[in-house]
Amino acid sequence: MRLGVLDIGSNTVHLLVANAHPGGRPLAQTSEKSVLRLMRYLEDDGRINDDGVTAILEAVKRAREVAEKEGVDELLATATSAVREAANGIDVILQIEAALGQPLQVLGGEQEARFTFLAVRRWFGWSAGQILLFDIGGGSFEVATGSEELPELAESVPLGAGRMTIGFLPDDPPGERQVDRLRGHAAAALAPLAERFAAQPRPDHVVGSSKTIRSLARLAGQPMSGWSGAERLLLRRDALKSWIPRLAKIPASARQELPGITADRTFQITAGAVVLHEAMAALDVEELEVSPWALREGVLIRYIEDLGW
């Protein structure tokens, strides 16, 4: 059957269409993405303003039209932290459901981490052993670890790249003082989480997912050949650290000229780099590998398996 996963996130509304059947690998056919950066539409009281709601609904309607054109049999619609945490989130969810003509599944931070962990486990397989996962979204940052299909510990903290840009790096470029302030905030927020994860077994494989981490790996990481010639991307903590002062001095309009930094990530890539570096330092990680699969693939896999059983 042809499935669609619609991910309404803090930075984008992203539709993935894939052909799928029980026991098979989801084969992506179409990807439709609208860049929103919802954090810029948040009012002081935590509401998404009217312009932001309009932007969400327009993106959702475009995605629905693409899904219908592609002959999607089942559309799996999810929303994450920006909608989940908004003061007017319930009203926005009802409007999204009206635009879609179906229910919307609003994921909690731990649910996001669990779906993403499932996708990462399937990509790397059982031989990866104990996996430690980092995933940076626009509004939240998820960490999960485990040796099984689903994580034994999964947590979410409000350190998303978009949220941190709005809150701590308001100037363009931000400069060292603002970066230092964000670094201190991230370290303090991650310290309790790091203590809980330190009680878990030492990871055999550290993985990063999300477009922000992939962009940073293309900027500062090392490409390596993988199985059947597939590209692997590795990112070392020291290489990431060396790029942060440079990113802090470059205006957002110029960052898309850097390797791997796409136009939709220029705004928040510096904050993403700072948060990821602090997380790697807090959990004593020297290197991670980028996973091509993340939340959307995890939702697809779980649905296919439930269907098969």
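Q: How much space lies in the largest pocket?
A: This is a predicted model, in which local features need pLDDT of at least 70 and side-chain atom pairs count only at pLDDT 80 or more, while totals for chains, interfaces and linings use all residues. Residues are numbered from 1 along each chain as its sequence is written, and side-chain values use heavy atoms, with hydrogens and water left out. A pocket is an open set of points on a 1 Å grid where a 1.4 Å probe fits, with protein on both sides within 12 Å along at least five of seven lines, and lining residues have an atom within 4 Å of a point. For the largest pocket, the space comes to about 530 Å³.

Q: Which residues that line the largest pocket are the closest to its centre?
A: The lining of the largest pocket holds 31 residues. Those closest to the centre of this pocket are Asp7, Ser210, Lys211, Arg265 and Arg296.

Q: How do the residues of the lining of the largest pocket divide into nonpolar, polar and charged?
A: Strands E2 (12-19), E3 (27-35) and E6 (131-136) and helices H4 (109-124), H7 (211-220) and H11 (295-308) each supply at least two residues of this lining; helices (at least four residues) and strands (at least two) are DSSP runs numbered from the N terminus. Asp, Glu, Lys and Arg count as charged, Ala, Val, Leu, Ile, Met, Phe, Trp, Tyr, Cys and Pro as nonpolar, and the others, Gly among them, as polar. On that basis the lining of the largest pocket has five nonpolar, 16 polar and ten charged.

Q: Which element gives the most to the lining of the second largest pocket?
A: The second largest pocket has a volume of about 340 Å³. Among its 15 lining residues, Trp123, Ala230, Glu231, Arg232 and Pro292 are the closest to the centre. At least two residues of the lining come from each of H4, H7, strand E11 (231-236) and strand E12 (287-290). With three residues, the element that gives the most is E11.

Q: Where is Ser210, a residue with a positive phi, found?
A: Most residues other than glycine have a negative phi. Ser210 is not a glycine, yet its phi is about 105°. Its place is the loop between strand E9 (205-209) and H7.

Q: Which residues are joined by a cis peptide bond?
A: Most peptide bonds are trans. Here a cis bond has an omega of about 0°, and the proline concerned, Pro173, lies in the loop between H5 and H6. The joined residues are Asp172 and Pro173.

Q: At what angle do H6 and helix H8 pack?
A: The axes of H6 and H8 (residues 237-249) are 9 Å apart; axes are lines fitted to C-alpha atoms, for helices over the stretch in contact, and angles run from 0 to 180 degrees between N-to-C directions. Gly175, Glu176, Val179 and Arg183 in H6 meet Ile244, Ala248 and Lys249 in H8, where contact means heavy atoms within 4.5 Å. The contact divides into three nonpolar, one polar and three charged residues. The packing angle is about 130°.

Q: Which residues of H10 make the contact with H5?
A: The axes of H5 and helix H10 (residues 269-282) come within 8 Å and cross at roughly 105°. H5 and H10 are therefore roughly perpendicular to each other, a description given to angles of 65 to 115 degrees, with those under 35 roughly parallel, those over 145 roughly antiparallel and the rest oblique. H5 contributes Ala161, Met164 and Thr165 to the contact, and H10 contributes Ala271, Gly272 and Val275.

Technical notes: Points joined across faces, edges and corners; volume = space filled by probe spheres on them.
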